[in-house]
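I opened a new page for this model.

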Amino acid sequence: MEIFAANHSSYPKIGDAPDQQTHRIAYARWERGEISDEEFEKIQDLVVKDVIEEQKRAGIQIVTDGLIRWYDPISHIARGIDGCEINGLLRFFDTNFYFRQPVLKNRPRRKQPVLLREFEYAKSVTDMPVKAVMIGPYTFTKLSINMSGLGFEDLVLEVGKILAEEAKDLSKAGAELIQVEEPAILKNVNEFEIFKSAFEIITKEAGEERIILTTYFGDVKPLYERLLEIRVGGLGFDLTYSPNLPDLIAKVGCEKDIWLGIVDGRNTKMEREEDILRIVRKIAANTESRRIFLMPSCGLGEYLPRKVAFKKLVLLSKVVERWKNEQEQA
Amino acid sequence: MSRSKLERLKINVPKLPTTAVGSYPKFPYLLEARKNFQLGKISREELFELEKKATRDWISLQEEIGLDVLVDGEMYRGDMVTYFAENMDGFALSGLVRSYGNRYYRKPIIVGEVRWTGPITVGWWKFAQELTQKPVKGMVTGPYTMMDWSFNEFYPSRKDACLALAKAIHREVKELWRNGAKIIQIDEPAISARPEELDFAIEAMKTVVEGVDAYFIVHICYGAFEFIYPRMLELPVDNFDLEMSNSSLDLVELFRLHPFTKDISFGVVDVHSHIVEDVETIEQRIEKALEVIKPEQLWIDPDCGMKTRTVQEAVGKLKNMVLAARKVREKIDG
């Protein structure tokens, strides 16, 4: 079994230092119309490069582009959907972060690729493995307003088809790790079959081995065994809401890659290396998984100051180092 | 039920009292002054004088508009949680954290035992109340929201942090009451975030209000009410100030299923929209409220604090709100 340290998804766009204000200043200028879309895009490219380098410095093995261009995890993808408008702000699950709510006004159709160019750019500026990230069809639809005239189930499937195209593009562009986030299913277990049908459109189109089904902001224990049924390469969990999940994983087992959200992406308190290692040892000893990835419990970009986000990633890389040393000595 | 409490406390308000939730937009001169203070160009005292001027200006504007219960407008506050954290023991401030879009704030970190060390809002409440004959609400951020919107590096659990904060905030509430505040609002926008924690949120609220004979309002907004209603009615307060318009009055249907048993401050204007709702639209919203709420239970206000609007938008919305409330009042009185 191999253990890796990875980022979850987003990374803070700005820090506290004066030289870490580039994105904020450019965003304000772009909003005021002082710089063009193209100029803003170029600046965002630089910030993406910067946060990828910072992740590398933290010592982790799998980076993301930090979702620097995303306003939020939901509305970003909406720009690629015909028949989708953007409404007001709504609280993102139980956080104090707000997303713009999409309104699906017609049967949704794909307008343009959204994630492909972002992934290709990230790949071009690093030699490290880049994980692509996207919201899943169930969560996207659940958090949108449905004025399409379609029933909820049909709408989820239509959105699933569009997102499958996004994932297929990423797959063709060489993305070997595509994290599809479905936090909303944790609070709506009764809609599992709808969620599963839509999700499997993505795995079918993009290749199941590349897809990581990731949940957060809820206890995954009641759903764990059903998630194992889904044909995906990896499963990602937020352990802060499921502190007893490692026991269940150890008991039931897992043959997929496991992405453990093992450091709290929403609290500045630093975890202890020893506590993390204890969990890793337990899971490693009791599953058939080929790979375990240690990551934050959720995206860091919306919930932590940049300095702390960096420290959390450094912590993960130290744990991986210790694990490797243990294995060598054993 | 709470009408009798209002009468007992000698709080004179008409039917369908109009009020605001708490914050108002800061005037350009105050925004400039806050910026200059950050840059070290003006002193704390100079900023304080302008905060007082802005408070006076908002009290005058509210009286002109004709609101029945006033607020101080929170001209002296930045973030509603950070302001209290900065004035209590046990907190530090984090680096910049994103809120939405291009907005960032410094989130409090609980780094030690949380303690109330002296009045935080009392001076401002007294200042505002002395400017008007109308009642001014005392306003504090509640313990659940303080806990949920802070990083916790000290207490072993969220519940422990929340209950410790409740004790500290109780001291502030008691001090407001001792100084004459008869209406006290506890802002708890986060309380619906985790329905599984409602039990200790209620326990915390009991601590906050214990032994204080005021008319209590709890403000809750932008949450998943469907998961905490009707249990949230167990919060020991007299009035629930709820955001209704942003969610297209969906809650009214919930109230048909489970009658609302307390007073309600019903949000009739959307504070996230630049559009100033016309009187007729607001009137219709009030009428909709009256389908499920008795007139003696009903207060009228915006969905939430108005600090993100322009002064002009806020005044426009409030004016139309007051006009609409008066028209409905006239209809009720025949």
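Before looking, I noted the term I needed: a crossing is right-handed if the near helix is turned clockwise from the far one by less than a right angle, and left-handed if anticlockwise. I also noted that the model is predicted.

Entry 1, a helix pair. I looked up helix 3 of chain B and helix 11 of chain B, and their crossing is right-handed. Helix 3 covers residues 44-65 and helix 11 covers residues 311-333. Their axes lie 9 Å apart, at an angle of about 35 degrees. From helix 3 I listed B:Trp58, B:Leu61 and B:Ile65. Among the residues they meet in helix 11 are B:Val311, B:Leu318, B:Lys319 and B:Arg326. Sorted by class, this contact has 8 nonpolar residues, 2 charged ones and no polar ones.

I found 26 residues of chain A and 24 residues of chain B in the contact. On the chain B side, B:Leu96, B:Arg98 and B:Asn102 lose the most area to chain A, together 26% of what that side buries. The area buried between the chains is about 2500 Å², and carbon and sulfur atoms give 49% of this.

Entry 3, charges and polar pairs. I counted 3 salt bridges between chain B and chain A. One of them joins the side chains of B:Arg98 and A:Glu302, at 3.5 Å from N to O. Polar contacts across the interface come to 11 residue pairs. On the side of chain B that touches chain A, strand 1 of chain B gives the most, with 7 residues. I sorted the residues of that side into 12 nonpolar, 7 polar and 5 charged.

Definitions and conventions
Residues numbered from 1 in each chain as written. Chains lettered and ligands numbered in written order. Predicted model: local features only at pLDDT ≥ 70, side-chain atom pairs only at ≥ 80, totals over all residues. Heavy atoms only, no water. Contact = heavy atoms within 4.5 Å. Buried area = accessible area lost by both parts, 1.4 Å probe. Salt bridge = Lys/Arg side-chain N within 4 Å of Asp/Glu carboxyl O. Polar contact = N/O pair within 3.5 Å; in protein donor to acceptor, adjacent residues only side chain to side chain. Helix = DSSP H or I, 4+ residues; strand = E, 2+ residues; numbered from the N terminus. Nonpolar A, V, L, I, M, F, W, Y, C, P; charged D, E, K, R; others polar. Axes fitted to C-alpha atoms, helices over the stretch in contact; angles between N-to-C directions.
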